[in-house]
Amino acid sequence: MNLRALAAKAVFQVLEKGVSLSVALPEQQQKLSSGKDKALLAELCYGVMRHLPQLDKLVSDCMNKPMKGKQRIVHQLLLIGCYQLYFTRIPAHAAISETAEACRQLKFEGLVKVVNGVLRNLQRNDKPLPTENDTLAFNTPAWLIKRLQEAYPDSWENIIEESHQRPPMWLRNNALRQSRDTYLAELAQLEIGASKGNSDNAILLDKATDVTLLPRFSEGAASVQDGAAQWAATLLAPEPKELILDACAAPGGKTCHLLESEASIDLVAVDFDAKRLARVQQNLDRLGLTAQVIHGDAANIDAWWQGDKFDRILLDAPCSATGVIRRHPDIKWLRKSADIEELAKLQAQILDHCWQWLKPGGTLLYATCSILPQENAQQVSAFLARTPDATLVPIAQQPQGDEIGWQITPGQDNMDGFYYARLIKG
Ligand SMILES: C[S@@+](CC[C@H](N)C(=O)[O-])C[C@H]1O[C@@H](n2cnc3c(N)ncnc32)[C@H](O)[C@@H]1O
């Protein structure tokens with residue numbers, strides 16, 4: 001099937017069925033053999049998610065009546081066509097004919113003329129991108145713009161701008177295999193441009209590179225992980241032989257990093273989602289690491305753990321993921337405003353429960369990939385108010401002032417948006 005038809009299928013899954021793009025895209029990519037085609041398919045789907053309101057408006061303005069029901073996939077195909085015309089260097093004639101052919105392949109023969117007509121109209125009229133309201137101007141839902149304006153009155157526009165950039169590729173050097181300097185030297189030998197990040201084993205690549213081209217990647221010499229996520233192991237700072245809980249572990253990026261940073265720890269990796277949990281085991285296997293991988297609820301530890309209380313707990317809580325929109329632009333359309341309060345409730349419940357399983361003197365690191373205070377500083381502030389034996393320990397990297405925890409915003413030092421708060425049980 002033609003690449004535009006596959007793109008329409010993936011976009012349809014996200015926008016009509018609520019499936020995340022990280023699930024919908026690989027399902028379609030596996031139908032293509034060439035790496036170049038897979039990359040173009042991703043570019044079209046990601047591009048539509050980034051610019052959805054503008055594309056929607058441009059396409060809808062060219063149509064007499066909206067596509068409904070099963071025909072919605074043709075609307076999504078038109079978004080893909082429009083994206084090609086406005087945001088790529090694909091020659092217009094090729095973009096239009098391939099998109100029309102995709103319509104035929106999707107078995108909407110009767111709408112091929114409409115697709116052709118709408119795209120030719122867009123091409124001919126050379127209309128500017130619509131910007132008449134905030135949603136169109138910022139390609140972001142109004143509820144999220146409002147929350148960002150409240151939280152970041154001086155920098156919300158910059159945060160949105162950063163959330164639309166293509167994210168860089170970060171690697172985590174596996175300290176059990178070689179030093180970061182050695183791995184950087186190996187990368188340099190292959191002429192792969194890279195530099196050190198601020199945390200111990202972080203490496204920032206000059207440009208995204210196929211992992212199969214990285215030195216000894218399949219043997220576990222390095223892993224792909226954003227620079228912000230790599231602070232978790234440093235901030236939790238496990239000591240030799242300690243009993244550690246990774247309470248929301250899947251897919252296991254931080255689980256593996258904790259073991260790489262201190263191989264002698266006894267690590268319990270738990271997640272609620274069995275499918276995602278399988279990926280924790282796969283990641284451990286690739287890196288030759290061992291942990292107790294448990295399918296369980298972090299808000300009901302008594303149900304699956306009869307052992308000691310934990311020396312340290314990493315709580316990388318389920319969250320809105322508003323800090324990683326640059327990597328997952330579909331989040332803007334899958335999340336709803338009411339989700340934030342629901343998530344904050346769930347986070348508080350897991351946090352309170354995990355706290356009971358922390359030894360006196362132990363450390364709990366609360367983390368999210370959100371940039372909304374309801375899930376971060378406000379969450380931790382409310383926890384401190386209701387938990388007399390909890391003390392917040394400032395993080396050296398966080399800005400001076402009365403900040404509760406370290407809020408990283410997207411693009412800061414090239415990192416994803418992330419939040420950390422380190423709590424000690426008194
Ligand atoms: C932000 S992700 C964790 C990412 C992971 N720490 C990593 O670095 O790869 C949050 C995880 O929390 C899990 N989760 C949500 N509710 C949970 C619960 N009640 N108990 C355990 N895990 C839960 C989700 O399935 C999801 O995998």
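This is a predicted model: local features need pLDDT of at least 70, side-chain atom pairs count only at pLDDT 80 or more; totals for chains, interfaces and linings use all residues.
Start by selecting helix α1 and helix α2 (residues 21–29): they pack at an angle of about 155°, with their axes 9 Å apart. That makes α1 roughly antiparallel to α2, a label used for angles over 145 degrees, while those under 35 count as roughly parallel, 65 to 115 as roughly perpendicular and the rest as oblique. Helices here are DSSP runs (H or I, at least four residues), strands are E runs of at least two, and both are numbered from the N terminus. The axes are lines fitted to C-alpha atoms, for helices over the stretch in contact, and angles run from 0 to 180 degrees between N-to-C directions.

Residues are numbered from 1 along each chain as its sequence is written, and side-chain values use heavy atoms, with hydrogens and water left out.

Next, pick N139, in the loop between α8 (134–138) and α9 (142–151). Check its backbone: phi is near 50°, a positive value in a residue other than glycine.

Now jump to P251, in the loop between β5 (243–246) and α13 (253–261). Look at the peptide bond from A250 to P251, which is cis, with omega near 5°.

Last stop: the ligand. Select what surrounds it and you get 19 residues, the closest being D271, R276, D297, A298 and D316; a residue is near if one of its heavy atoms lies within 4 Å. That shell divides into ten nonpolar, three polar and six charged residues; Ala, Val, Leu, Ile, Met, Phe, Trp, Tyr, Cys and Pro count as nonpolar, Asp, Glu, Lys and Arg as charged, and the others, Gly among them, as polar.

Zoom in on D271, where a polar side-chain atom lies 2.6 Å from a ligand oxygen atom. At D316, a polar side-chain atom lies 2.7 Å from a nitrogen atom of the ligand. Taken alone the ligand exposes 600 Å², and the protein buries 86% of that (Shrake-Rupley method, 1.4 Å probe).

Definitions and conventions: A polar contact is a pair of N or O atoms within 3.5 Å; within protein, one must be able to donate a hydrogen and the other to accept it, and residues adjacent in sequence count only if both atoms are side-chain atoms.
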